[in-house]
Amino acid sequence: MPKAPWERDRGVQHVVDRWIARGEVSDCLCAHEHYPAKTARTAPIPEALHRSLHTALNRRGISQLYAHQAEAVSSALARKHTVVATPTASGKSLCYHLPVADALARDPNARALYLFPTKALSRDQELSIRSLLEDAGIERTAAVFDGDTPGDARRAAKSRGGVIVSNPDMLHAGILPHHATWATALSSLEYVIVDELHMYKGVLGSHLAHVLRRLQRVARFHGSNPTFICASATIGNPREHAARLLGVTPEDVTLVSDSGAPSGDRRVLLYNPPVVNVDLGIRQSYLKAAVKLTSDLVRADVSTILFGGSRTSVEVMLRYVRSALAKDDVPQEWIQAYRGGYLPEARRRIERGLREGAIKCVVATNALELGIDVGELDAVVCAGYPGSVAATWQRFGRAGRRQAPSIAVLVASSNPIDQYLTREPRFLFGRPAEEARIDPDNVEVFIQHLKCASFELPFATNEAYADVAEDVTQDALAYLARNGVLHKSGTRWHWIADQYPAQSVGLRSSGMDNFVVVDVEHGKAIGEVDWRGAHTSLFEQAIYQLEADTFQVERLDYDNRKAFVRKVDADYFTDASTSVSVNVLDEGEAAGVFSLPDNVCALGEVEVVERVTGFKKVKFFTHENLGYGDVRLPELTMQTSAFWLTIPEERVQALAAVEDGIGRVRGRSAVLEGIRGVAHALEAVTSLALMCDPRDLGYTLGDKSDGTSRPMKSGAPGFDPTIFLYDNAAGGVGLSARAFELRENLLVQARELIESCPCSEGCPACVSPGEGRGFMARKDIALELLRDAGVPRRQ
């Protein structure tokens, strides 16, 4: 019987069938994986758990726990540090809620501290633990203590909260420096919960390791010795990572990683947008492709989350999805965006709409990658590779959270890593998740937190700080005394400086304040932007996008961190251009590579200077360039570590002198373009080899005048062009050091990436397009440079 004209196909399977039947989609699929549903593996509720919690679980219809939940609860009840590393939506919250509730049921003075990376997750889990306590009849409460908490609520949390729900930043700057006023809570601290452990890597993780060491030191002072329970998405080293964060040995941590949770039938697709310019290897906009696939899903009544890589891409895709579905009479309020920078009331409104099912499609940044309850979503579309295998599967896990059939689609961008995945999908589907790496021994991070710890409690002259050796601790304390912040009196080191140090130590990569966005027509704040992001999005004349509305920045009060905007009906958005230069501060180790001299590669400390140079106006939907503008803002500077590779000037001159058959000379500028191509490929393969997020690394091309002077940003002849790969975090986190160790292998992989790319003269997937053609093409010169340096093909 034929369908009525008003009927439409519904559900995930109908959409997949239509995509497969439609050549424009199926021809672009690079992988189509099917994961059948799995049944649950259960275990009895541990007998050691307080009887009130058995009753509460039975009231919820839970007679048994998933196997991993029972294992984790038993470990925590035995007072062993525990890390639970199971997939998204496997019920990790209950693994820590139950032991905490057990402690509160047995001891009316017991306290617990929950740490979450985002405020949204804190609010979500506050409701969850409160509900469990109420169901169990335990007359204790949970209270959020963060930057949004009013003063009276803060006092109540401090004095009466059985569970304090907070974040690392507030623990660092709001609790530990004032621990004397928290004496009651700290003296009875039974459990500390660190959720979303996989988020704490790099600089943030290195800082958190010290915050947790300071917490343990203060807790011991007040007479408690809390047990830590950590929860993580799947990463390559959960036990070792938890131990490194806590300052203990891996043997001191129990790992629970074998999930017993059921999962629904899931399909995972890898989609590569079609090529629209064969000569340049340019593909269709991956944002538009992701919007088209998302619109197909929403039309079929499939609740969907669309992930974007930046605030701008999220706002642009929100506008595009709403426009695409307008002709289908889909109400605009069914489609919302969720990203950092929304005000608390807006975040909570959207979170509530997701839980209640009022929102059918949400376009989000990684703010929704975490374990916030987003209701019953059936599909995930990722516009671009998130940067790691672990993050990709974390996003995929946001759909099918109720064991229903689900679909996940990764839409590849033109970036080299994305295009590598389209050629080698086994990297995504067959490779283990990346390891999370931190460096608590980083001198800059260590000394900052030693100051904080000294302010909180005086150090004894025979005391070691956490897992740092006693002699190293004492030498560092003496260094601080010589710099006028400590004074040694008898057997104690006392803080004597005026300021309290935690205020000047930011845990994130940027310690500066956020910028507030103010609507001048209504005189109220409508959003906020982090300090670094403000330079590329809040310059004067910039278009600030908020929930598909456009506002133009009329004035930026840089000193007071405020941007004044006015709502306008703009048909374009703005895209900032930046330039980066690198100055070498200290050259450490130097080495050769293949046939290049011994001093062409080096590892050292550098200063990275970034400047926003201008912006372009990009028309919505067509992405036409409508014009340019200037930006005048202060430079951003950062000291970090870098690995660099210098191409000797004599080799540059030799390649520049090459002629074609009709007497044209290649020229030095063409060779520099080729070197930029090598840098582009080298950065891509380094991210893959180190299994790190591409955003953790930066790269640029500078110049070096000779073997001893600093490489500088300059285009003049007679300089040695230098490729810099640097840690994109103040102080560095060790990535460039590992790149230096792997330098020859990375150059071999860069050659393989370029040679295996099907383009003829260079494209975004290998060396990025250049201006030259034929013997002046960026791709050919890049390969010639690598061959000239003696870089072999991979065996």
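A polar contact is a pair of N or O atoms within 3.5 Å; within protein, one atom must be able to donate a hydrogen and the other to accept it, and residues adjacent in sequence count only if both atoms are side-chain atoms. Arginine 666 and glutamate 784 make such a contact through their side chains, at 3.1 Å.

This is a predicted model, in which local features need pLDDT of at least 70, side-chain atom pairs count only at pLDDT 80 or more, and totals for chains, interfaces and linings use all residues. Residues are numbered from 1 along each chain as its sequence is written, and side-chain values use heavy atoms, with hydrogens and water left out.

**Around arginine 666**

Let us stay with arginine 666 for a moment. Arginine 666 sits in the loop between helix H21 (649–656) and helix H22 (668–690); helices (H or I, at least four residues) and strands (E, at least two) are DSSP runs, numbered from the N terminus. With 5% relative accessibility, arginine 666 counts as buried (buried means under 20% relative accessible area, exposed over 50%, partly exposed in between, with a 1.4 Å probe and protein chains only). A polar atom of the arginine 666 side chain also lies 3.4 Å from the backbone oxygen of leucine 655. Isoleucine 781 is 115 residues from arginine 666 in sequence, yet their C-alpha atoms are 9.8 Å apart in space.

**Salt bridges**

Side chains of opposite charge can pair when their charged atoms come close. Taking a salt bridge as a side-chain nitrogen of Lys or Arg within 4 Å of a carboxyl oxygen of Asp or Glu, the count comes to 34 salt bridges. Here are three of them, with the N to O distance for each pair.

| Glutamate 463 | Arginine 217 | 2.9 Å |

The side chains of glutamate 463 and arginine 217 meet in a salt bridge. Glutamate 463 lies in the loop between strand E19 (459–460) and helix H19 (470–482), and arginine 217 in helix H10 (residues 202–221), so this pair ties together parts that are 246 residues apart in sequence. Arginine 217 is buried, at a relative accessible area of 9%.

Arginine 793 comes in the segment after helix H25 (778–788) and glutamate 755 in helix H24 (residues 743–756), so the pair joins parts 38 residues apart in sequence. Arginine 793 is exposed at 54% relative accessibility, whereas glutamate 755 is partly exposed, with a relative accessible area of 27%. Elsewhere, salt bridges that share partners join Arg22, Asp296, Arg299 and Asp328 into one network.

**Nonpolar cores**

A nonpolar core is a set of buried Ala, Val, Leu, Ile, Met, Phe, Trp, Tyr and Cys residues joined through side-chain atoms within 4.5 Å. The largest one has 140 residues, and those touching the most other members are Trp19, Tyr271, Leu306, Ile407, Val409, Leu538 and Ile675. H22 supplies the largest share of this core, 11 residues. A second, separate core of 36 residues includes Leu171, Ile175, Val194 and Leu507.
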